[in-house]
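Here is a short briefing on one protein chain. Look at the fold first, then read the points below.

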Amino acid sequence: MIKLPEPAKRPTMYFVGVTTGQSSIMKMFPIWAKELGLDAEIKGIDLPIHAPAEDYRAVVQFFRDDPLSLGALVTTHKIDMYNAAKDMFDYLDPYAQRFGELSSISKLDGQLRAHAKDPISSGLALDAFVPEGHWLKTGAEVCIIGAAAPPCPSPPTWAMRSGTARICPAAST
């Protein structure tokens, strides 16, 4: 069973990963918080890759029960945490449901919420360098490597916005 942190003593954001102490976010978050005037801190929760489902559920329960644990960024464990604990959330955003993963946990109006933000951030990155209308004008196709196994998820947000006619997911194994 995972060793969870002590309940937060001040507003806290968590970073759920494998080796969170080595991540630059652990150094950057305090700088951002100071600049933004936030009384908040970040703490890491490390889990082994493909941890037992009960460990993911314990982490989600910890977030749910601790009033000052306000959210989390989830990296390596996006799919495993979603599969193990999706029933514990009051709200799953449409991308979390569609792609079967979660990368962000938050609280709003007493609800514990899960979000998949990668489709949004990836779409914004592509929008920055792919000309508007490119997919329709060129007839280009998209091959999504690493997509979930069939039944395949819906196209990423950028593909939906751009009107891409053909998307070919390649399931990872």
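In β5, Ser104 is the bridge partner of Leu73. Three bridges join β3 to β5, and these two strands run antiparallel. Two strands count as paired if DSSP finds at least two bridges between them. The model is predicted: local features need pLDDT of at least 70, side-chain atom pairs count only at pLDDT 80 or more, and totals for chains, interfaces and linings use all residues. Residues are numbered from 1 along each chain as its sequence is written, and side-chain values use heavy atoms, with hydrogens and water left out.

**The chain overall**

- The secondary structure comes to seven helices and eight strands. Helices (H or I, at least four residues) and strands (E, at least two) are DSSP runs, numbered from the N terminus.
- The chain has 173 residues, and 38% of them count as buried. Buried means under 20% relative accessible area, exposed means over 50%, and partly exposed lies in between (1.4 Å probe, protein chains only).
- Take the contacts between residues at least 6 apart in sequence: 64% of them join residues at least 24 apart. A contact means heavy atoms within 4.5 Å.

**The sheet**

- Strands of a sheet pair through backbone hydrogen bonds, either parallel or antiparallel.
- Six strands form an open sheet in the order β2-β1-β3-β5-β6-β4, with mixed pairing. Its edge strands are β2 (41–46) and β4 (91–92), and each pairs on one side only.
- β1 and β3 run parallel and are joined by five bridges. Tyr14 has Ala72 in β3 as its bridge partner.
- β5 (residues 104–108) pairs with β6 (residues 111–115) in the antiparallel sense, over five bridges. Ser106 stands opposite Arg113 in β6.

**A look at Thr12**

- Where does Thr12 lie? Thr12 is in strand β1 (residues 12–17).
- Thr12 counts as buried because its relative accessibility is 2%.
- Leaving out residues up to four places away in sequence, Thr12 touches Glu41, Lys43, Leu68, Ser69, Leu70 and Gly71.
- Thr12 and Ala72 are 60 residues apart along the chain, and their C-alpha atoms are separated by 8.7 Å.
- A polar atom of the Thr12 side chain lies 2.7 Å from the backbone oxygen of Arg10.

**The helices**

- Helix α1 (residues 25–36) lies across β1 and β2, and runs at about 160° to β2. Axes are lines fitted to C-alpha atoms, for helices over the stretch in contact, and angles run from 0 to 180 degrees between N-to-C directions.
- Helix α2 (residues 53–65) lies across β1, β2, β3 (69–74), β5 and β6. α2 runs at about 175° to β1.
- The axes of α2 and helix α3 (residues 78–85) come within 8 Å and cross at roughly 85°. The two helices are therefore roughly perpendicular to each other. Angles under 35 degrees count as roughly parallel, over 145 as roughly antiparallel, 65 to 115 as roughly perpendicular, and the rest as oblique.
- Which residues of α2 and α3 meet? Ala53, Tyr56, Arg57, Val59 and Val60 in α2 meet Asp80, Met81, Ala84 and Ala85 in α3.
- The residues of this contact divide into seven nonpolar, no polar and two charged. Here Ala, Val, Leu, Ile, Met, Phe, Trp, Tyr, Cys and Pro count as nonpolar, Asp, Glu, Lys and Arg as charged, and the others, Gly among them, as polar.

Terms used: Polar contact = N/O pair within 3.5 Å; in protein donor to acceptor, adjacent residues only side chain to side chain.
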